Amino acid sequence: MAYQVLYRTYRPAKFAEVVGQDYIVKTLVNAIRNNKIAHAYLFAGPRGTGKTSVAKLFAKAINCESFDGEACDQCENCKAYLDGNHPDIIELDAASNNGVDDVREIIEQVPYAPLLGKYKVYIIDEVHMLTAQAFNALLKTLEEPPAHVIFILATTDPQKVIPTVLSRCQRYNFSKISTYEIKKRTMEILKRENVPFEEKAVEELSRLAEGGMRDALSLLEQCLSYNPEELKLEDVEHIFGLTSTPEEVDLFNKIHQNEVSEVVTKLRNMYVQGMDTKRLAVDLLEIVKDALIYSDQGKENLLNRINAIEAQEILRNIPIDTLLQDAENLEEVISREKQNQNFLVYLELCLIRMANTRRSASPKKTVEKKEETVKEEPVKTIEEEKVESFVVEPETEFLLAILLDANRDLKVADQIIYNKLDLYAYEPEKRKFYQMLIGTELFASNKDAIIICGNRSQANNINTKALNEELYRFINKEFGIDKMVYAIDQDKKNELIELYKKTPVEERNKPVYVEKYHFDEVKEETPEEKLKDLFGDTLKVEE
Ligand SMILES: [Zn+2]
C-alpha cells in the first residue's frame, strides 16, 4: 500500500532516530550496557508511537557484537538483521496470527539455542489479540524462560493482556508524541524528499496525527498523492474536511454574539460538506485555551492556533469566566465523542450551551455593576482555575484501583526513596524533594504508581502538576522507579482502606492503566538551561 512507503523509509534505524520516547530508549540502552536485560518486556501505548520500531532496534542491539549506545551495523548479527533475515529475531503479529497453533510453534522453538546471536528475541505485536489459549501457552514459557530467550510484547490495549502475563513483564508505557516533535520530524522528511511545504500545513497534519508518528506520515502520504508538488495548508484542509482557523474564530465569535441559529446552520452545512466535527470541537477548545493563555501571559509565541490580534479580539468581547466555562463545555463534549454515535447533536447542544452561558454570565445588565464584574470576578476565577488545573487530583476510584493492585514487595522496594530521604536534606539541588516528602509516608505501590500519604497541604503540594512532574523525574533518575506519584491526606487514606476492605478479593490485582508523564527531551541540561531553571524567564527578557 502506497501510504506505507514513507513510514517504511523513515522508520528509525537507530535509537537516536526514535521520536518522542527518549526516556524509554535511554533506559533500554542502559539495560544493555549494564547487562541487565529482562526476559520479557511489555511495550504498551497508542498506535504509531514507536513500540514495534523500538522493539526491533532493541532486538538488533542486544545481539550486536560491539554495541556502543547503538548497534554497530557492521557485525554479522547486525548485517543479518539489516538484510531482514536474522534467524534469532522472530516477529509475530498477533492481530493476524492469533491462534494457539502459532504460539505453540514459537514455543516449541524456544528451548533451542540461538543460531547466530546471543539471544533469541520474540517480538509479538498486538499481543492482546492472542486467544486465551494462546496466552496460556505463552504464560508457561514466560514462567521459566531459558536464559537465551527474550520476549517483547507490544500492545495498544494493555488492559486486555491477562494479569499473569503482565506481571511477568517489565513494562514500558509509550506515550503519544508531541505535536512539536511530529512536526519537526515531518519537516525533516519533507526536506529529504525535496518537497516544498507550508509550515502551517505541516503543523495541521501533525495535530491531526494525534500523537502518532505513523499516522502523521500516512496523512502526509495522502496529501502528497493529491498534490505531489507541494504540501499546502488549503490542500490539507480540503482533503481532511477541516475548517480554516479564521472560519473557526468567526464561528466562535458568533456563538458569543448570540447568533445561535446562524451557528447551528453553519455547523450543519459544514457537516454536510464532510467536515470533521470532532476536529472542530478540538480546534474551538484550542482557540479558547489560546485566548486564556494570552490573557494571562500576553505573549504571542505561546499561541498555537490563533494570532495575537484574534486573541485580543476574543478577549475584548468575551469575559474570562465565560471562556473558562467554554473550555469546560468543549472538553466535556470531546470526551464524549467516543461514546456517542451522533456527535453532531452533542456538539450543537454544547455550542448552544456556550451561547447561553454568555447570556447568563453577561455583565451588561446594569452599567454600575459592569465594572465590578469585569474587574474582580474574572481575576478571581482565573486564579482559582489556575490552581485547579495545575493540581493533579486523582479520583478515588482510580486510587482504589491502584491500591487493589498494590503489593507489599513493591512497597518495600519503593521504600528506598524514604530510606535515603535524609541524605537529600544536605544536597542543595535535591533539598526540595526532601522538603516535599519529609513527614509523609509511603502508603501503597503498584507497578506504575505510588500513593503517598501526608497532610492536606503536603498532598496538594505533591499533586501540583509542575512539582509532581519534577518528583516523577527525580525518583526515576535517582532510583530507576518509573512510577507516577499520587498524594493523599489521612482522610482519603482512611476512606480508601474502608473501600479496600469492602472490595471482594477477586477484584484485587487487576491491572490499572496509569498514564505517565512524557518528556519531550531527556538530556543533560546545558548551562543556559540550568540558568533558566534557576532564574526562570527573566534572563530571556533581558536579552
Ligand atoms: Zn553489530
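These legends describe close-up views of one predicted model. Residues are numbered from 1 along each chain as its sequence is written, and side-chain values use heavy atoms, leaving out hydrogens and water. Because the model is predicted, local features need pLDDT of at least 70 and side-chain atom pairs count only at pLDDT 80 or more, while totals for chains, interfaces and linings use all residues.

**View 1. The whole protein chain.** The protein chain has 28 helices and eight strands. Both are DSSP runs numbered from the N terminus (helices: H or I, at least four residues; strands: E, at least two). Of the 543 residues in the protein chain, 48% are buried. Buried means under 20% relative accessible area, exposed means over 50%, and partly exposed lies in between (1.4 Å probe, protein chains only). Among contacts with a separation of 6 or more, 75% are between residues 24 or more positions apart. A contact means heavy atoms within 4.5 Å.

**View 2. The zinc site.** Four cysteine SG atoms coordinate the zinc ion at 2.3 Å: those of Cys64, Cys72, Cys75 and Cys78. Donors are N, O and S atoms within 2.8 Å of the metal (3.2 Å for Na, K and Ca); water is not among the atoms, so sites may look incomplete. The site is tetrahedral, with angles of 101 to 122° among its four donor atoms. Four donors count as tetrahedral if all angles lie between 85 and 135 degrees. Ideal angles for four tetrahedral donors are 109.5 degrees. Along the sequence, the donor residues follow the spacing C-x7-C-x2-C-x2-C. Cys64 and Cys75 are eleven residues apart, both in the loop between α3 (51–63) and α4. Cys64 is buried at 9% relative accessibility. Cys75 is also buried, at 10%.

**View 3. His86 and its surroundings.** His86 sits in the loop between α4 (76–82) and β2 (89–93). His86 is buried, with a relative accessible area of 7%. A polar atom of the His86 side chain lies 3.0 Å from the backbone nitrogen of Asp88. A polar contact is a pair of N or O atoms within 3.5 Å; within protein, one must be able to donate a hydrogen and the other to accept it, and residues adjacent in sequence count only if both atoms are side-chain atoms. Leaving aside residues up to four places away in sequence, His86 touches Asn63, Asn77, Ala80, Tyr81, Leu116 and Gly117.

View 4. Five of the five residues of β1 (residues 40–44) are buried. Ala40, Leu42 and Ala44 point one way from β1; Tyr41 and Phe43 point the other way. In a regular strand the side chains alternate between the two faces of the sheet. Two strands pair if DSSP finds at least two bridges between them. β1 runs parallel to β4 (residues 149–155), joined by five bridges. Leu42 stands opposite Leu153 in β4. β1 also runs parallel to β5 (residues 170–173), joined by four bridges. Here Tyr41 stands opposite Gln170.

**View 5. Strand β4, covered on both faces.** Seven of the seven residues of β4 are buried, so β4 is largely enclosed by the rest of the structure. One side carries Val149, Phe151, Leu153 and Thr155; the other carries Ile150, Ile152 and Ala154. β3 pairs with β4 in the parallel sense over five bridges. Val121 stands opposite Ile150 in β4.

**View 6. Helix α9 and its packing.** Eight of the ten residues of α9 (residues 199–208) are buried. Among them are Glu203, Glu204 and Arg207. The buried residues of α9 pack against α8 (179–192), α10 (213–226), α11 (233–239) and α14 (277–297). Glu210 follows α9 and has a positive phi, near 45°.

**View 7. Positive phi in two loops.** Most residues other than glycine have a negative phi. Glu126 has a positive phi, near 50°. Glu126 lies in the loop between β3 (120–125) and α6 (132–143). The phi of Asn194 is also positive, near 60°. Asn194 lies in the loop between α8 and α9. Asn194 is exposed, with a relative accessible area of 68%.

**View 8. The buried side of helix α24.** Gln458, Ala459, Ile462 and Asn463 are buried in α24 (residues 456–463). They lie on the same side of α24 because they cover an arc of only 125° around the axis. The arc is that of the directions from the helix axis to the C-beta atoms. An α-helix has 3.6 residues a turn, so residues three or four places apart point the same way.

Definitions and conventions
Four donors count as tetrahedral if all angles lie between 85 and 135 degrees; four count as square planar and six as octahedral if opposite donors are over 155 degrees apart and all others between 65 and 115; anything else is irregular.
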